[in-house]
Amino acid sequence: MRALSLCLPVLLLSACAGQPAADAPAASPTMQTCNADAASGLVGQPATPTNVEAARIAAGAASVRALGPTDPMTLDFRGDRLNVIKDAAGAIAQVRCG
């Protein structure tokens, strides 16, 4: 009897969890909208705010982040983000999506 009284709250809570609605849209996969190759012409240019934004526009990315050689970077992948990697002199060394 004691075991049943311990399980009852768990059963009640699981019944409240519910099911997703049948007409709910399915989760869509993340679409990659960044094309780093289109921004590769800016490699070697100074990583000025104007050039970084030009790289974002050329790549068709929704966002951009400019990172120096010692800057910390999160490891989350976003297919709609352009990463502009700067060298020690402040020039664009690499462009890549993520």
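**The disulfide and the core**

The link of C34 and C97 is left-handed, with -80 degrees about the S-S bond. C34 lies in the loop between α1 (2-16) and α2 (49-59) and C97 in strand β3 (residues 92-97), so the pair ties together parts that are 63 residues apart in sequence. This is a predicted model, in which local features need pLDDT of at least 70, side-chain atom pairs count only at pLDDT 80 or more, and totals for chains, interfaces and linings use all residues. Residues are numbered from 1 along each chain as its sequence is written, and side-chain values use heavy atoms, with hydrogens and water left out.

The structure holds one disulfide, a term for a pair of cysteine sulfur atoms within 2.5 Å. In the pair C34 and C97, the sulfur atoms are 2.1 Å apart. Both C34 and C97 are buried, that is, under 20% relative accessible area with a 1.4 Å probe, protein chains only.

I turn now to the core. The largest nonpolar core has 14 residues, and those with the most contacts inside it include C34, V84 and I92. Such a core is a set of buried Ala, Val, Leu, Ile, Met, Phe, Trp, Tyr and Cys residues joined through side-chain atoms within 4.5 Å. The elements giving two or more residues to this core are α2, β2 and β3; helices (H or I, at least four residues) and strands (E, at least two) are DSSP runs, numbered from the N terminus.

Where is V84 found? V84 belongs to strand β2 (residues 81-86). V84 counts as buried because its relative accessibility is 0%.

How values were computed:
Buried means under 20% relative accessible area, exposed over 50%, partly exposed in between (1.4 Å probe, protein chains only).
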